[in-house]
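Subject: Structure handover

Hello,

I am passing on the structure we talked about, and below it you will find my notes on what turned up in it. Please read them with the model open beside you.

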Amino acid sequence: MNGPVELIGLFLAGIGAGIVNTLAGGGSFLALAALVWAGLPPHVANATNRVGVLLQSGVAYATLRAQPTDEAEPAHGWAEFGVVAFAALLGASAAVAVDPKAFAALLGPLLIMMVAASLARPAAWSERGEPSAWRWPALAAAGFYGGFLQAGVGLLLLPAFVMLGGLEATTANRRKVAFVGGLTVPALAVYASQGLVAVQPAVALALGSALGGFLGARFSLAGGAKLIRWAVAGVVVLTAIRLWF
C-alpha cells in the first residue's frame, strides 16, 4: 500500500501527464515513469496506468466531440475499432504472459524508442493520403502495442488514420482519442483479471490526469510544447536507467 506522500506525488504526476497530453502528447510516458518511481513493479505500473488513460480519454473525447468539424465520421469506423480492440486484447494477453523480470528489461528500451519517435514527429505523419488497405494491418499493430504497453500509441494510430485512412487531421485526432479509450477497456479487463491493477495509485493518478487535462485545455504555453516533450524525454531516460540498474 502506498503512503500519502506517494499518492500525492502520483496525483501531481497525473496533473502533469494530463497537461502534457493536451499541449504536446505523450503524457503516458510521464505517468508510467511516475508509477515506476513510486515503487510499483514495471508490469504492475503498465497495468495501473490504464485507469488514468481511460478516464482522461473519456474527458478528452467528450470535449472534442462538442467541437464542430467539417468532416463527417467515416462509415467504416466500427470495423476499424473492432480490429484495434481485438488486437489490444491480444497485446494485453501477451504482456501478462511475459515474465515480470523480462518485462522490466524490455520496458526501458521500448519507452526510449517511443519517446524518440514522439520527439521526431515527422511532418509526413500529418500529410493526408488516400484510403489504403494497409491501414488495417497498421491499426492491428497499433492496437497490439496499445494493449501491450500503451504509452505513445497515438504515434501509431495517427498515421494509420491520416496517411493510410485519408482522414483530415482534426477528425483523425478525435478518432485517435476515442480509439485509445476504447482499446484500453479490453486491455484493462485483462490486467484487472490478473490482479495487476494497484487501486490506490490508479485512482490518484487518474484524478490528477483528469484535472491536468482540464487545465491543459484552458491554458496554453507559448512555445511550451517542445520544451515539455524534451522534459518528458529526460524523465523517460532516467526511468530507463533505473530499470536497467
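Helix H6 covers residues 135-148, and because its 14 residues should span 20 Å at 1.5 Å a residue, the 20 Å between its end C-alpha atoms agrees with expectation. The expected span is 1.5 Å times one less than the number of residues, while helices themselves are DSSP runs of H or I with at least four residues, numbered from the N terminus. Please keep in mind that this is a predicted model, in which local features need pLDDT of at least 70 and side-chain atom pairs count only at pLDDT 80 or more, whereas totals for chains, interfaces and linings use all residues. Residues are numbered from 1 along each chain as its sequence is written, and side-chain values use heavy atoms, with hydrogens and water left out.

Several residues of H6 are buried, among them Arg135, Leu139, Tyr145 and Phe148; buried means under 20% relative accessible area, exposed means over 50%, and partly exposed lies in between, with a 1.4 Å probe and protein chains only. Just after H6, Gln150 takes a positive phi of about 85 degrees.

The term stands for a side-chain nitrogen of Lys or Arg within 4 Å of a carboxyl oxygen of Asp or Glu. In one of them, Glu80 pairs with Arg135, with the closest N and O atoms 2.8 Å apart. Glu80 lies in helix H4 (residues 77-97) and Arg135 in helix H6, so this pair ties together parts that are 55 residues apart in sequence. Glu80 also forms a salt bridge with Arg175, where the closest N and O atoms are 2.9 Å apart. Because Arg175 lies in helix H8 (residues 169-193) and Glu80 in helix H4, this pair ties together parts that are 95 residues apart in sequence. Glu80 and Arg135 are both buried, Arg175 is buried as well, and these residues are linked in a network of salt bridges.

On the surface, Leu55, Val59, Val199, Val203 and Leu207 form a nonpolar patch with about 410 Å² of accessible area together. Such a patch joins nonpolar side chains (Val, Leu, Ile, Met, Phe, Trp, Tyr) within 5 Å, taken from residues with over 30% relative accessible area and no salt bridge; the areas come from the Shrake-Rupley method with a 1.4 Å probe. Helices H3 (42-65) and H9 (199-218) each supply at least two of its residues, and H9 gives the largest share, three residues. Val59, found in helix H3, is partly exposed, with a relative accessible area of 37%.

Best wishes

Definitions and conventions. Patches are made of residues with over 30% relative accessible area and no salt bridge: like charges are joined within 9 Å, nonpolar side chains (Val, Leu, Ile, Met, Phe, Trp, Tyr) within 5 Å.
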